[in-house]
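Q: Can we go through this one together? I'd like to take it piece by piece.

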Amino acid sequence: MTQDLTEIIDATWPAAKIHHAGGFDIREGLGGGSRVSCATLAVPLEQADIAQAEARHRALGQTPRFMLRPGDDALDACLAERGYESYDPVWLWQAPIAQVQGE
């Protein structure tokens, strides 16, 4: 299977609603936790506006948080420059079901 593992997060722990601001998808989590209330980059970073994404988070009553996906190193650096620190890191693992079952 070659599915993007971050798609699995959205499928198994979906946000109440997804808003769009500043080139980011902003998840409205309604208190469901940081992963269901975070933003992900939806356009190339050069076209994104982090301040707009932060404002949308705040308008929803949420603390601005961003999920970094594979390849988001430049976004990570931009967020670090703005004072963001790692919060609630998640490790996604995959393996054949037989291996998980110990077969």
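Q: Is Arg82 buried, partly exposed or exposed, and why?
A: This is a predicted model. In it, Arg82 has a relative accessibility of 43%.

Q: Where does Arg82 lie?
A: Arg82 is in a loop. That loop runs between helix 3 (73–81) and helix 4 (97–100).

Q: Which residues is Arg82 in contact with, leaving aside neighbours within four places in sequence?
A: Ile50, Ala51 and Glu54.

Q: And what separates the C-alpha atoms of Arg82 and Arg35?
A: A distance of 20 Å. Along the chain, Arg82 and Arg35 are 47 residues apart.

Q: What holds paired strands together in general?
A: Strands of a sheet pair through backbone hydrogen bonds.

Q: How many bridges are there between strand 2 and strand 3?
A: Three. Strand 2 covers residues 24–28, and it pairs with strand 3 in the antiparallel sense. Asp25 has Thr40, in strand 3, as its bridge partner.

Q: Switching to cysteines: how many disulfides?
A: The count is zero. Cys38 is in no disulfide, as the nearest cysteine sulfur, that of Cys78, is 17 Å away.

Q: Is Cys38 buried or exposed?
A: Cys38 has a relative accessible area of 3%. The cut-off for buried is under 20%, so Cys38 is buried.

Q: And Cys78, what is its relative accessible area?
A: It is 26%, so Cys78 is partly exposed.

Q: Last topic: pockets. What volume does the largest pocket have?
A: About 760 Å³.

Q: How many residues line the largest pocket, and which lie nearest its centre?
A: The lining has 26 residues. Nearest the centre are Phe66, Met67, Leu68, Tyr87 and Pro89.

Q: Which helices each supply at least two residues of that lining?
A: Helix 1 (5–12) and helix 3 do.

Key: Residues are numbered from 1 along each chain as its sequence is written. This is a predicted model: local features need pLDDT of at least 70, side-chain atom pairs count only at pLDDT 80 or more; totals for chains, interfaces and linings use all residues. Side-chain values use heavy atoms; hydrogens and water are left out. Helices (H or I, at least four residues) and strands (E, at least two) are DSSP runs, numbered from the N terminus. Buried means under 20% relative accessible area, exposed over 50%, partly exposed in between (1.4 Å probe, protein chains only). Contact means heavy atoms within 4.5 Å. Two strands pair if DSSP finds at least two bridges between them. A disulfide is a pair of cysteine sulfur atoms within 2.5 Å. On a 1 Å grid over the protein atoms alone, a cavity is a set of points where a 1.4 Å probe fits but cannot get out, and a pocket is an open set with protein on both sides within 12 Å along at least five of seven lines; lining residues have an atom within 4 Å of a point. Grid points are joined across faces, edges and corners, and a volume is the space filled by probe spheres set on the points.
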